[in-house]
Amino acid sequence: MAAGRKKEFDEDKVLVSAMKVFWQKGYVGTSMSDLTEQMGIKKQSLYSAFGNKEQLFIKVTDLYLKNREAHNFSLLKQENTSLSERVMNCMMSILERQCDSSEHKGCFVTLCQSDLDSEDMPAEATQKLVDSDNDIIKMWLDLFSTDPESIALGLDKRAEECTICIFTTLKGTACMSRINMTSNKLTCVITNCLKNIGLH
């Protein structure tokens with residue numbers, strides 16, 4: 001059997017290009033022609049490499065989570081750093097990314113979640129967006145429930161409350177950044193969030 005044709009494009013590069021389209025227009029608002037134009041590949045090549053629009057979106061979302069969230073949340077594991085500093089560093093890293101003018105502002109996942117109540121949003125893509133939030137919520141819950149300093153401060157008894165406060169705050173800053181609110185102006189939101197849960 002003849003060997004399959006070698007891809008004529010860099011997969012990670014075209015996935016980043018696709019991400020830019022979904023980030024700007026959301027899942028429902030993005031057409032296949034939008035994607036092929038931005039990615040610089042033919043529609044048949046897109047189907048051959050990624051399946052369909054939904055499968056492409058899932059790959060793009062995985063890439064976003066791997067490249068961005070992994071770095072941000074690694075800050076929570078810094079050694080010889082207080083819990084307050086670790087959480088502040090993580091939240092500020094996320095905020096600065098949200099407000100970065102060199103790319104689309106806000107959060108890719110949060111933007112695309114605006115389509116979740118649309119009848120045109122397919123089930124697997126919907127589940128990917130829901131799961132991504134659930135994974136982050138679980139990560140924060142685990143931190144507050146098991147971190148020795150959190151336990152010493154009694155925050156493990158309010159792990160869910162602390163998690164919801166942080167998660168909702170970062171969802172809010174993601175939205176504010178899209179109307180050109182700067183990270184300097186939004187830093188007070190992070191600081192007040194941490195004060196409210198007893199970490200600043």
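Is phenylalanine 108 buried or exposed? In this predicted model, phenylalanine 108 counts as buried because its relative accessibility is 0%, and the cut-off for burial is under 20%. The ring of this residue belongs to one of nine aromatic pairs found in a search of the whole structure.

A pair of aromatic rings is described by the distance of the centres and the angle of the planes. For tryptophan 23 and phenylalanine 108, the centres are 6.0 Å apart and the planes stand at 75°, an edge-to-face arrangement. Tryptophan 23 lies in helix 1 and phenylalanine 108 in helix 6 (residues 108-112), so the pair links parts of the chain that are distant, 85 residues apart. Tryptophan 23 is also buried, its relative accessible area being 3%. Both residues are members of one aromatic cluster, which is formed by Phe22, Trp23, Tyr27, Phe57, Tyr64 and Phe108.

A further pair is made by phenylalanine 73 and tryptophan 140; it is edge-to-face because the planes of the rings are at 85°, with the centres 6.0 Å apart. This pair, too, links distant parts of the chain, with phenylalanine 73 in helix 4 and tryptophan 140 in helix 7, 67 residues apart. Phenylalanine 73 counts as buried at 13% relative accessibility, and tryptophan 140 is buried with a relative accessible area of 1%.

Two packed helices are described by the angle between their axes and the distance between the axes. The axes of helix 1 (residues 11-29) and helix 4 cross at roughly 105° and come within 9 Å. Helix 1 is therefore roughly perpendicular to helix 4. The residues of this contact comprise 13 nonpolar and five charged, with no polar ones. On the side of helix 1 they include Leu15, Val16, Met19, Phe22 and Trp23, and on the side of helix 4 they include Leu56, Phe57, Val60, Leu63 and Tyr64. Charged residues are also found there, among them Asp12 in helix 1 and Lys53, Glu54 and Arg68 in helix 4.

Helix 5 (residues 83-98) has 16 residues, which at 1.5 Å a residue should span 22 Å; the C-alpha atoms at its ends are 23 Å apart, in agreement with that value. Of these 16 residues, 12 are buried, so helix 5 is largely enclosed by the rest of the structure. The buried residues include Leu83, Arg86, Met88, Cys90, Ile94 and Gln98. Packing of the buried residues of helix 5 is against helix 4 (53-74), helix 7 (123-146), helix 8 (148-152), helix 9 (159-177) and helix 10 (183-197).

How values were computed. Residues numbered from 1 in each chain as written. Predicted model: local features only at pLDDT ≥ 70, side-chain atom pairs only at ≥ 80, totals over all residues. Heavy atoms only, no water. Helix = DSSP H or I, 4+ residues; strand = E, 2+ residues; numbered from the N terminus. Expected span 1.5 Å × (residues − 1). Buried < 20%, exposed > 50% of the residue type's maximum accessible area, 1.4 Å probe, protein only. Contact = heavy atoms within 4.5 Å. Axes fitted to C-alpha atoms, helices over the stretch in contact; angles between N-to-C directions. Parallel < 35°, antiparallel > 145°, perpendicular 65-115°, else oblique. Phe/Tyr/Trp six-rings, centres within 6.5 Å; stacked < 30°, edge-to-face > 60°.
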